[in-house]
Amino acid sequence: MRTRAAVAIEAGKPLEIMEVNLEGPKAGEVLVEIKATGLCHTDAFTLSGADPEGMFPAILGHEGAGVVLEVGAGVTSLKPGDHVIPLYTPECRTCDYCLNPKTNLCQSIRETQGAGVMPDGTSRFSMLDGTPILHYMGCSTFANHTVLPEIALAKVRKDAPFDKICYIGCGVTTGIGAVINTAKVEIGSKAIVFGLGGIGLNVLQGLRMAGADQIIGVDLNDSKVEMANRFGMTDFVNPANVTGDLVAHLVELTGGGADYTFDATGNVGVMRTALEASHKGWGESIIIGVAPAGAEISTRPFQLVTGRSWRGTAFGGARGRTDVPKIVDWYMDGKIEIDPMITHVLSLDDINKGFDLMHAGESIRAVVEF
Ligand code: NAD
Ligand code: AHE
Ligand code: ZN
């Protein structure tokens, strides 16, 4: 079939909207009509050329929601008409990783996913002249139709609006999951969230759900304050307005350091500040942000010797097929909020405007509706 997609032709160039060929689902695969997709900073990061795994031409996008149109041979858990959210972290339920309760990082198709192809080693997308186009994070939601492995789709209820629940495909689950699954924040905790964008705001609402007492937000952009307050922030710090050492300021504000800190910026300097602003003896710092190729984190080992720990999280530690339908229920039941964070709704033709808004710090989430 043919479908419309925003294609990343090469690093650093705007996406090009075009008709592309899409082959139907092979064994174990599913054809999905994407109804809506969010724009995550990770899409911009890969498009910029900073992603060591970034390859072109590719169809980016990993925060989508849609409807199953067709299933390949052997698919048993999905049927045409089912509503689904694509999963860049799949859940096969049989690999060593899925069988280990300490991780959500299913590895059953990680190698081919990272290479931009389906598990059989080939792409389903091509240009009209036959040039193959790579998949991205196993999802490629910047296309009106896409093909995914069955294990990379969460089946969700049919009354949930696509233009909101697409955000559960990455940002919402990553932020809330970092608090609940990864850090396992206790009631009464003190926490600091660095970066109050599409991920950081969801860390805030996760902390509020977990019953944290002090929730400090740190961002260079003052315009994020209003939304952050709405999602549970109790104190705001703009590093540009701090005279002297930022770590010392945060340690003083928390009365000795935070129980938990979260980096949602992708800046390795911020990651160091986050680790060092966590409490001596027990503070945990969770890295969510994705850093560019070649970037490395550093601190004095003494920071760890004296009881702080550095950890990371992918997709908020969530097991997608199991946890994503529950998070959709939380949204539908009013336990979490999504709507205010979707600040812009665009057509596919205007997708590059969404990236401009992100880079200008003017959007939280821009969503493309098909
Ligand atoms: P975003 O652009 O919406 O938000 C980033 C925020 O960080 C902005 O508000 C910006 O003003 C702020 N910021 C930038 N530099 C800063 C600094 N030096 N100090 C303080 N604040 C600063 O991006 P997003 O969509 O929220 O994504 C955030 C990060 O999380 C990105 O690196 C993204 O790739 C990553 N991410 C990781 C996962 C995961 O599974 N680990 C999932 C999704 C996104
Ligand atoms: N490809 C990059 C790393 C990108 C990365 O860390 N991706 C996160 C999800 S970001 C979603 O917005 C992730 O899940 N990582 C785990 C994995 O297996 O990719 C690089 O540095 O090579
Ligand atoms: Zn993302």
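Trainee: Okay, which element gives the largest share of the shell around ligand 1?
Mentor: That's α1, with 3 residues. Keep in mind that we're looking at a predicted model.

Trainee: Who else is in that shell?
Mentor: There are 33 residues around ligand 1, and the closest are His41, Gly195, Gly197, Ile199 and Gly266. Besides α1, helix α4 (171-183) also supplies at least two residues of the shell.

Trainee: And how many of the residues around ligand 1 are nonpolar, polar or charged?
Mentor: The shell has 16 nonpolar, 15 polar and 2 charged residues.

Trainee: Remind me, which residues belong to which domain?
Mentor: Domain 1 takes in 2-169 plus 338-369, while domain 2 runs over 175-313. The contact between them uses 12 residues from domain 1 and 10 residues from domain 2. On the domain 1 side, α1 (residues 41-48) gives the most, with 3 residues. That side is made of 7 nonpolar, 3 polar and 2 charged residues.

Trainee: How far apart are the domain centres?
Mentor: Going by C-alpha centres, domain 1 and domain 2 are 29 Å apart.

Trainee: What comes after α1?
Mentor: Gly49 follows the helix, and its phi is positive, near 100°.

Trainee: New topic: ligand 2. Which residues are around it?
Mentor: Among them are Cys40, Asp51, Glu53, Arg110 and Cys170. Thr42, which is one of the buried residues of α1, is also around ligand 2. By class, the shell around ligand 2 divides into 7 nonpolar, 2 polar and 3 charged residues.

Trainee: I'd like to look at one residue closely. Is Ile192 buried or exposed?
Mentor: Ile192 counts as buried because 29 other C-beta atoms lie within 10 Å, and the cut-off for buried is 20 or more. You'll find Ile192 in strand β10 (residues 190-194).

Trainee: What does Ile192 touch, leaving aside its neighbours in sequence?
Mentor: Beyond the neighbours within four places, Ile192 is in contact with Ile216, Val218, Leu250, Ala258, Thr261, Ala274 and Ala277.

Trainee: Let's do sheets. In what order do the strands of the open sheet with β1 run?
Mentor: The order is β1-β2-β6-β7, with antiparallel pairing. β1 (2-7) and β7 (132-133) are the edge strands, each pairing on one side only.

Trainee: What holds paired strands together, in general?
Mentor: Strands of a sheet pair through backbone hydrogen bonds.

Trainee: How many bridges are there between β6 and β7?
Mentor: Strand β6 (residues 125-126) pairs with β7 over 2 bridges. In one of them, Phe125 has Ile133 as its partner in β7.

Trainee: Last one: what does UniProt say about residues 198-330?
Mentor: The unreviewed UniProt entry annotates that stretch as "domain: Alcohol dehydrogenase-like C-terminal". In the model, the span is 38% helix and 15% strand, and its end C-alpha atoms lie 18 Å apart.

Terms used
Residues are numbered from 1 along each chain as its sequence is written. Chains are lettered from A and ligands numbered from 1 in the order in which they are written. This is a predicted model: local features need pLDDT of at least 70, side-chain atom pairs count only at pLDDT 80 or more; totals for chains, interfaces and linings use all residues. Two strands pair if DSSP finds at least two bridges between them. Helices (H or I, at least four residues) and strands (E, at least two) are DSSP runs, numbered from the N terminus. UniProt positions are given in the numbering used here, feature names are shortened, and annotations may be inferred rather than shown by experiment. A residue is near a molecule or strand if its C-beta atom, placed from the backbone, lies within 6 Å of it. Ala, Val, Leu, Ile, Met, Phe, Trp, Tyr, Cys and Pro count as nonpolar, Asp, Glu, Lys and Arg as charged, and the others, Gly among them, as polar. Domain bounds come from an automatic or database domain assignment. Two residues are in contact if their C-beta atoms, placed from the backbone, lie within 7 Å. A residue is buried if 20 or more other C-beta atoms lie within 10 Å of its own, exposed if 12 or fewer, and partly exposed in between; C-beta atoms are placed from the backbone.
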